[in-house]
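These are my notebook entries on one protein chain, written down in the order in which I looked things up.

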Amino acid sequence: MCSSDLFLTVKPDELIFRYACMVDIKKVDRIVVEGAGQTYDLRITREEAPAGEEEGAAGAGGEETAGPELVETFFVNGREVPEDAFRTFYQTLIGLSGEGEVQHQPAGTAEVRTSFYLNEGEEQPVIVSYVPYNQDFYAIVRDGLAEFAISRDQVARMLKELAALAQEN
């Protein structure tokens, strides 16, 4: 079988990007996560590095950077949290991915919702809702349409990690 014949046997859902919301952290200023009776407000502030930092200086990999260096500070519910802990949680959040296609649009309201507020572009905010689909899955809803289902366990783990992040010093 030649490679073009192999392509014809691939199912459409195998070609689709299944992540619930893959957003570059550099484009995010704020995320609001609502679920399990809690609301979490995650924020990233960016300020120019103090004087003495050279504009256009070499970056971490030796490459030339464009513009001034930015210092990022990370917050959950108004409390500063360690950068590495925030970024680890962010990877979990954007790593949420569909595990199968939905066969029908869900009825009901979201039990969990994430709202990404971006620092560029016109789509504000980017909202992903997790609406009950059956006892084991949520439907991932974006722009009013559900295409994929995600296990409730995957969403619960994300919320558990977020609750732990909110307790970080």
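Entry 1: I then followed F86, which, leaving out residues up to four places away in sequence, touches I25, L42, R43, I44, F74, F75, V76, V81 and L165, where contact means heavy atoms within 4.5 Å.

**Entry 2: what I am reading from.** I keep in mind that this is a predicted model, in which local features need pLDDT of at least 70 and side-chain atom pairs count only at pLDDT 80 or more, while totals for chains, interfaces and linings use all residues. Residues are numbered from 1 along each chain as its sequence is written, and side-chain values use heavy atoms, with hydrogens and water left out.

**Entry 3: the sheet.** I traced an open sheet of nine strands with antiparallel pairing, in the order β4-β3-β2-β1-β6-β7-β8-β9-β5; strands (E, at least two residues) and helices (H or I, at least four) are DSSP runs numbered from the N terminus, and two strands pair if DSSP finds at least two bridges between them. The edge strands are β4 (79-81) and β5 (100-101), each of which pairs on one side only. Strand β1 (residues 28-35) is joined to the antiparallel strand β6 (residues 112-118) by seven bridges, and V28 stands opposite L118 in β6. Six bridges join β1 to β2, again antiparallel, with E34 opposite T39 in β2. These two strands, β1 and β2, form a hairpin with two residues between them, and A36 in the turn has a positive phi of about 55°.

**Entry 4: helix α2.** Which residues of α2 are buried? I found A85, F86, F89, Y90, L93 and I94 buried in α2. Seen down the axis of α2, the buried residues fall within an arc of 160°, so they line one face of the helix; the arc is that of the directions from the helix axis to the C-beta atoms. The face turned away from the buried side of α2 carries the exposed residues D84 and Q91. The cover over the buried residues of α2 includes β1, β2, β3, β4, β6 and α3.

Entry 5: I looked up V76 in strand β3, which counts as buried at 1% relative accessibility. V76 and R43 are 33 residues apart in sequence, yet 6.5 Å apart in space from C-alpha to C-alpha. Not counting residues up to four places away in sequence, V76 touches Y40, D41, L42, V81, F86, L165 and A166. I then turned to S129 in strand β7 (residues 126-132), and noted that S129 is buried, with a relative accessible area of 12%. Leaving aside neighbours within four places in sequence, S129 is in contact with A110, V112, R113, A139, I140 and V141.

Notes: Buried < 20%, exposed > 50% of the residue type's maximum accessible area, 1.4 Å probe, protein only.
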